[in-house]
Amino acid sequence: MRYVSTRGAAPTLGFDEAMLTGLARDGGLYVPETVPTLSPDEIAALSGVSYEEAAYRVIRPFIGDSFTDDELRGAIERAYARFGHAARAPIVQLAPNHFLLELFHGPTLAFKDFAMQLIGQLFQIALARDGRRITIVGATSGDTGSAAIEAFRGLPNVDVFILFPEGRVSDVQRRQMTTPDEDNVHALAIQGDFDDAQARVKDMFNHFEFRDSVNLAGVNSINWARVLAQVVYYFTSAVSLGAPHRPVSFTVPTGNFGDIYAGHVARRMGLPIDRLVIATNQNDILHRCLTTGEYRPDGVKPSISPSMDIQVSSNFERALFDAYGRDGKAVAQLMDELKRNGAFSVSQGAGEALREVFDSGRVSEDQTLATIARIRRSTGQLVCPHTAVGIAVAELRHDPAVPMITLATAHPAKFPDAVEQATGERPALPDRMSDLFSRPERVTSVPNDLSAIENLIQQRRRR
Ligand SMILES: *Cc1c(COP(=O)(O)O)cnc(C)c1O
């Protein structure tokens with residue numbers, strides 16, 4: 001199995017190299033050269049097996065000879081062992097023929113754990129083979145950084161440094177980053193905002209002398225291995241509602257497009273998905289692009305579903321690559337246009353191709369709050385604001401004859417202020433992390449200064 005870049009000008013790579021590299025050298029994203037399929041019988045046979053076994057069967061065909069069967073099985077077992085639910089990704093019913101897929105039972109209470117925990121294990125196996133060490137550096141506005149720290153804590157061949165804007169993440173998010181006590185974990189509070197943190201990380205990747213001296217690596221959402229890990233729960237949830245014998249639909253609270261693109265991959269592997277619905281908050285660039293054909297970032301408007309507050313949706317490039325008949329030159333041209341003119345228009349043919357596979361909707365802040373309150377009244381359940389965006393859009397786009405599955409992307413206790421504002425109730429943390437607020441914190445405050453941060457990383461990383 002080989003991986004090609006969406007811009008068509010980078011070398012093709014095997015699975016492990018594509019995973020360790022992240023972004024392709026031509027600026028594109030890696031995608032599999034061909035998408036393997038599962039037959040209806042193979043899909044039906046996923047019914048009743050453990051989440052780990054289903055993950056193995058879905059992921060295996062993409063790996064080639066990068067990992068042995070035993071290595072992959074071991075990585076999957078370790079990745080999900082610390083989840084707080086035996087089903088890993090359970091579904092609950094919300095309304096007639098409308099279901100919630102709970103993706104928040106991992107260690108940091110958001111769906112990113114599904115991918116990050118697995119790539120932590122796969123990175124460690126690949127690095128240990130030739131005794132390589134890497135330094136992972138990332139910027140976070142909250143969810144990604146905590147998921148990365150949880151995934152890489154204690155791994156012998158990896159040091160992880162996460163920059164977050166001082167004073168601008170929630171208490172739960174900060175404590176998830178500052179309480180792990182392993183000496184390969186470093187939470188850095190930068191004196192600046194998220195854009196500063198992200199800019200300094202970018203600077204480090206562009207500073208080749210530093211980059212090479214610490215073997216810098218990234219694990220942001222464009223990493224193909226992260227997308228792949230997310231394909232699994234589309235299969236497990238659809239099968240438990242009757243696939244492949246009947247189709248199901250999905251609605252996905254969307255930001256960087258990684259999660260919903262995984263649904264697109266599941267469909268191309270043979271899973272009968274009827275509608276695949278992009279749900280956006282007031283940062284609705286994807287909904288606008290699908291309905292008007294124009295992709296035009298117009299500034300982030302901070303919302304109560306902050307993990308979906310995006311300007312540019314990076315994984316959308318993978319969908320464009322498919323919509324343009326896998327023409328890397330055409331995609332490179334669009335991205336160039338975006339850089340030069342701040343926008344691009346998709347061709348009529350590509351627009352039609354996109355609308356054939358994706359449906360979309362957006363909801364306002366008021367609708368999101370109203371949805372949290374209404375779901376509390378109608379089911380007794382509290383949902384996080386991202387999930388509420390998904391539910392509200394799903395209701396707009398639901399064909400009552402087809403089961404609709406909305407992805408619940410985070411636990412309500414991760415966003416307690418919005419939930420309390422909507423319902424008057426403050427959601428409690430699950431029992432297994434009830435001591436989060438009594439654990440000691442470890443954090444280093446750093447100035448918004450590249451060389452100061454680089455020096456700190458040089459000193460702290462293990463050799
Ligand atoms: C990251 C995130 C999203 C957006 O997912 P993408 O894959 O970036 O589209 C939605 N909800 C929550 C809670 C998240 O953490």
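Which strands does helix α10 lie across, and at what angle does α10 run to β9? Helix α10, residues 224–240, lies across β3, β4, β9, β10 (273–280) and β14, and runs at about 140° to β9. Contact here means heavy atoms within 4.5 Å. Axes are lines fitted to C-alpha atoms, for helices over the stretch in contact, and angles run from 0 to 180 degrees between N-to-C directions. Helices (H or I, at least four residues) and strands (E, at least two) are DSSP runs, numbered from the N terminus.

Some ground rules. This is a predicted model, in which local features need pLDDT of at least 70 and side-chain atom pairs count only at pLDDT 80 or more, while totals for chains, interfaces and linings use all residues. Residues are numbered from 1 along each chain as its sequence is written, and side-chain values use heavy atoms, with hydrogens and water left out.

Now the sheet under that helix. It is an open sheet of six strands, in the order β3-β4-β14-β9-β10-β13, with mixed pairing. Its edge strands are β3 and β13 (359–362), each of which pairs on one side only. From one strand to the next, the twist averages 25°. Two strands count as paired if DSSP finds at least two bridges between them.

Strand β3, residues 91–95, and strand β4, residues 98–102, pair in the antiparallel sense over four bridges. V92 has L100 in β4 as its bridge partner. The two strands form a hairpin with two residues between them, and N97 in the turn has a positive phi of about 60°. R88 also has a positive phi, of about 65°, although R88 is not a glycine. R88 sits in the loop between α4 (69–80) and β3.

Further into the sheet, strand β9 (residues 248–253) and strand β14 (residues 404–408) run parallel and are joined by three bridges. There, F250 stands opposite I405 in β14. In the loop between α10 and β9 we find P244. A cis peptide bond joins A243 and P244, with omega at about 5°.

There is a five-strand sheet as well. This open sheet has the order β8-β5-β6-β7-β15, and the pairing is parallel. β8 (216–217) and β15 (444–446) stand at the edges with a single partner strand each, so one side of each has no neighbour in the sheet. Strand β5, residues 134–139, pairs with β8 in the parallel sense over two bridges. The bridge partner of T135 in β8 is L216.

Next, the ligand. Which residues come nearest to the ligand? Of the 15 residues around it, the nearest are K112, D143, G255, N256 and T409. A residue is near a molecule if one of its heavy atoms lies within 4 Å of it. A polar side-chain atom of K112 lies 2.5 Å from an oxygen atom of the ligand. At G258, a backbone N or O atom lies 3.2 Å from an oxygen atom of the ligand. T409 has a polar side-chain atom 2.9 Å from a nitrogen atom of the ligand. On its own the ligand has 380 Å² of accessible area, and the protein covers 96% of that. These areas come from the Shrake-Rupley method with a 1.4 Å probe.

Last, the record. In an unreviewed entry, UniProt lists residues 2–80 as "domain: Threonine synthase N-terminal". That span is 47% helix and 8% strand, with its end C-alpha atoms 27 Å apart. The UniProt annotation "domain: Tryptophan synthase beta chain-like PALP", also from an unreviewed entry, covers residues 101–331. Residues 101–331 are 45% helix and 17% strand, and their end C-alpha atoms lie 33 Å apart. Such annotations may be inferred rather than shown by experiment.

Key. Polar contact = N/O pair within 3.5 Å; in protein donor to acceptor, adjacent residues only side chain to side chain.
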